[in-house]
Amino acid sequence: MTVPAVEPNITEPKPVSQPGTENDANTPPLVEVARKPASLPTGLTGEEVKNRLQNFGPNAMPDTSSHPLRTTIEKFWAPVPWMLEAAIALEIVLGKYVEAGIIAFLLVFNAALGLFQESRAQATLAALKSRLALSASVKRDGAWKTVPATDLVPGDLVKLSLGGVVAADVKLTGGEVLLDQSMLTGESVPIEAAAPLHTYAGALVRRGEAEAEVTATGARTKFGRTAELIRTAHVVSTQQKAVLHVVRNLAIFNGVVIVLLIGYSWYLKTPVAEIIPLVLTAILASIPVALPATFTLASALGARALAKLGVLPTRLSAVDEAASMTVLCSDKTGTLTQNALTVTTVTPMPGFDEAHVLALAALASSEGGQDPVDGAIRAAAAKKTVSDAPKRVKFAAFDPAKKMAEATATDAAGSQQRIVKGAFTVVSALAEPSPTAAALAKELEDKGFRVITVAAGSATVMKLAGLIALSDPPRADSASLISELHGLGVRAVMVTGDAPATAAIVAKAVGLDGAVSPPGPIPDIVKAEQFAVFAGVLPEDKYKLVKAFQKGGHTVGMCGDGANDAPALRQAQMGIAVSTATDVAKSAAGMVLTEPGLAGIVAAVKEGRTTFQRILSYTLNSITKKTVQVLFLAVGLVLTGHAILTPLLMVLIMITGDFLGMSLTTDNVRPSPVPNAWQIGNLTIAGFIMGLGELMFCVAVLAFGLYRMRFGIEALQTLTFVTIVFGNQATTYTNRERRHLWSSRPSIWLLGSSVADLLIASALAVAGIAMTPLPAWVVAGTLAAAVVFALLLDFVKVPVFRRLKIT
C-alpha cells in the first residue's frame, strides 16, 4: 500500500526544550506536531520510491545558474559593446576591414577578460555550492540501507543518528534526539525532540538516535523555501550602476558634440565621403572601450589579494561593494559569538564552593557525548579539580520529560550521594526551599543566561549546591573588529533571532552601544542609527531590514553563517559568510571567510577601498580622455576645415591609451578612511575640467603646427595623434593622485605601460608607420611640453578635487 506524504502541521505548539531555554514569541519553533499517520514500519517499496521520485523530483535545490552561452551573449549586450558593434558596422560599410578587425578584437578581448575573471569567481562558488547530506540511512522493502540523500522521497523512513545531518523535512516516529538547529534559527541552544514532532532539513543530531518519516524534500523543504527567497533576492551592484552612469553621461555629451560636428561639416559643404569617417572617428573617440574590462580586472586583482588573506569572493562586484559599505548587519550566533556554550558564572549555595558545585555537576553530565551543556560543565570542572570529589557509580542521562539528569556517587567514607542537575523549578522542588536561590536564578535568566541548578544529598534529603550560568561567549576578536569598523566609518548592528535580553548582553560585550529594537516585524522605514541591536528577527525580516537600510541610501553588508541568513546575504550588496557557515549561506554570500574569526571583514573593507581608488582613477581618466578627444575633433574641424584624425589613428589611440591605461589597476593608491561612494556627478565635472585643461594643451600644439610649422593636414593628423597620446599620459598622472602628483610613487606596471605607450606613439610618428612622418625634434618637443602641462594642471587639480570631494 502506498502511503501519502505527510504534510507539516501549520500549527506551532511550543517545542520541548532543555532547561533554561526560552522561546522568543516572534520566532516560530522549528519543531511541530504532524497531523497524518506515519508510513508502514517496513518503509516504502522500490516501486513506490520510483513513482514518488518522478512526482516530487530529487531531494536537491534546482540549479539557477545562468547558461554559459547566455552569460557570453550578455557580454556583447551592454552600452559599451553596442557602441563598438556600431563602429564595426560603420567600418565594414566604408570598406575599412583592417580597422573593423581591430575594433572587433578589442570587443572580443573585453568580453573574454570579463568571462575569464568571472568564471574564476564562479568556480569558487561552485566549490561552495549547497549540498544536502551526502547520504542517508533509509528503510525500504523492510530493510535498512544507505542511499544518497538526493534519492529521498516523501514517505521514506529514515534514521537520525549522532553526528548526522537531517537530510529532509521529517516527522519523528520513535526515539529521542538532541537537535542543533543554530544554522537554521540562529539559536545556539539545542532542543530535545521526540515523536511525534517535526523538524527540518539542515539540523544536526547532537545526541541520541531516532526514526523519522520524510515529509518534504528539495525545494519544498523549509531549507528549500529559504533557497527560493535567496533566488528572488537581488540588488544591482554599485559598480554596474557606475559603469552605466559614466557611459550615459559620456554618450549624452559626446552625442551632442557629434551632432554639432555633422551640422558644421554640412555647413562647410564637406563631401559625405569625408563626413562619415569623421563621424566614425568621433564615435570611436567617445567609447570608454576598456572601462568594463578595467572594473573586472581591478576587482579580480583585489579578489586575489583577499584570497591570500583567507577571504574568497564568489562574485567580483563584492570587492567594490566592500569599499562602499556603510552598514554591517552582523548575526550573533557563530558570527560575533563562538556558537559554543561555556560556563560564565557559578553561584554556590551556603556550604559549597565553586569547585565542588562544578564537580557535582560534572558527575551528573554525560562523558564523550555532543551535549553542549554537559560538555561545557565538564570542561569548566576540569579547570577546578577537587581532591575529595565523589566517585560516580550510576548515571541517568538528561530526560526531557523530567528536565533533569541524575547520578549516584560514593564519597571517601563510602556513603552514597544523590546528585541531580537540571531546570531550577524541577531541581529546587527536590531540595530544601531557598528564596535566595530563586531570586538569583530569575536574575540570571532575565540577563539571558541559561541556568542549570545542581542539588546533592541523600535520596530523601537534598540541598541546593549552586547555580551554573552558561552563555555563548563573544569571539575574542569581535570587540576589536567592531571598534576598527567604526574607525573606518562603518556602522555595525547586530541582527539575530535570539531574545532581546541575550542579544543585549552580547552587544554590550563587543562594543555595540545603542538601543535595542522592540520585538516585532521590521518596519518598511528604519534608520541604521536608530538601533544597535535587532533581536527576535525572522529570516524574512533580516531580508526586509537589509532592504530598508538600502532604501535609506546605505550600502549594506550582511555577515552570517546560517541558512536563516542566506536571503539577507544575497540581498545585501556585500554578503559575507563566515568560516562555519552552511553551504547555502556560502552560496548566497558575495564573500566567504575561510579562517575563523571576523578579521577578514576588515581586510575586505581595506582591500575594497584600495580597489575602488584604482577604479576611480581609471574612470576619471576615461571621462577626461573621452571629453577632450571629441572636443578636440570639433576644434580641429573649425581650425582646419578637415578631420584632424582618421579612424585608424583613433583605433591606435584606443589601443595605446585605453588598454595600456588598464595598468592603473595595479597602481599604488591611498585607501579612503571613510566609505567610498560613486559620486558620478562630481566625477563627471572633475573629468570635464581636467579635459578642458588637456584640450587647451592640445589646441596650443595643433595651432603651433598649423600656423608656425605650416604642416599639411596629413602631418597635422600625425601631430594630433602624438599630442593626444602625450596629453593623455600627462592627465593620467595628475588624475591618479588626489594630492599633488609627486605625493606617491606610481606602480612599476603603470610606469612600464607609460613608457611603452610613449615609445610606440613616438616610433610610429617618427617612422611614418600608418601615418605621415614627423621630425623627431617635433615629437620630443611635444613630449617636453606635455611634462610642463602636467605640472601646471596639477596645481589646478588639487583645489578642484578638494572642492568636489574627490577623495
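These legends walk through several close-up views of a predicted model. Residues are numbered from 1 along each chain as its sequence is written. As the model is a prediction, local features need pLDDT of at least 70 and side-chain atom pairs count only at pLDDT 80 or more, while totals for chains, interfaces and linings use all residues; side-chain values use heavy atoms, with hydrogens and water left out.

**View 1. A salt bridge joins arginine 140 and aspartate 156.** A salt bridge here is a side-chain nitrogen of Lys or Arg within 4 Å of a carboxyl oxygen of Asp or Glu, and the count comes to 10 salt bridges by this rule. In this view the N to O distance is 2.6 Å. Arginine 140 lies in strand S2 (residues 135-140) and aspartate 156 in the loop between strand S3 (143-148) and strand S4 (157-160), so the contact ties together parts 16 residues apart in sequence. Strands (E, at least two residues) and helices (H or I, at least four) are DSSP runs, numbered from the N terminus. Arginine 140 is buried at 9% relative accessibility, and aspartate 156 is buried at 0%. Buried means under 20% relative accessible area, exposed means over 50%, and partly exposed is in between (1.4 Å probe, protein chains only).

**View 2. Aspartate 141 has a positive phi.** Its phi is near 55°, in a residue other than glycine. You will find aspartate 141 in the loop between S2 and S3, partly exposed at 49% relative accessibility.

**View 3. Lysine 384 and glutamate 354 form a salt bridge.** Their closest N and O atoms are 2.6 Å apart. The pair links distant parts of the chain, 30 residues apart: lysine 384 is in the loop between helix H13 (372-383) and strand S12 (391-399), and glutamate 354 is in helix H12 (residues 354-363). Lysine 384 is partly exposed, with a relative accessible area of 38%, and glutamate 354 is partly exposed at 33%.

**View 4. Glutamate 406 pairs with arginine 418 in a salt bridge.** Here the closest N and O atoms are 2.8 Å apart. Glutamate 406 belongs to strand S13 (residues 404-410) and arginine 418 to strand S14 (residues 416-422), 12 residues apart. Glutamate 406 counts as partly exposed at 23% relative accessibility, whereas arginine 418 counts as buried at 19%.

**View 5. Two charged side chains sit over aromatic rings.** Lysine 159 lies over the face of tryptophan 144, at 4.7 Å from the ring centre. The charged end of arginine 392 sits over the ring of phenylalanine 395, 4.5 Å from its centre. For this contact, NZ of Lys or CZ of Arg must be within 6 Å of the ring centre and within 35 degrees of the ring normal.

View 6. Rings of Phe, Tyr and Trp (its six-membered ring) pair if their centres lie within 6.5 Å; planes under 30 degrees apart count as stacked, over 60 as edge-to-face and the rest as tilted. The count comes to 10 aromatic pairs by this rule. Phenylalanine 253 is partly exposed at 28% relative accessibility, and phenylalanine 688 is partly exposed at 31%.

View 7. Proline 196 is found in the loop between strand S6 (191-194) and strand S7 (197-199).

**View 8. A nonpolar patch on the surface includes tryptophan 742.** Trp742, Leu783, Val787, Leu791 and Phe795 form the patch, with about 500 Å² of accessible area together. Tryptophan 742 is in the loop between helix H24 (713-735) and helix H25 (748-767). Patches are made of residues with over 30% relative accessible area and no salt bridge, with like charges joined within 9 Å and nonpolar side chains (Val, Leu, Ile, Met, Phe, Trp, Tyr) within 5 Å. Accessible areas come from the Shrake-Rupley method with a 1.4 Å probe, and for residues only the protein chains shown count as cover.
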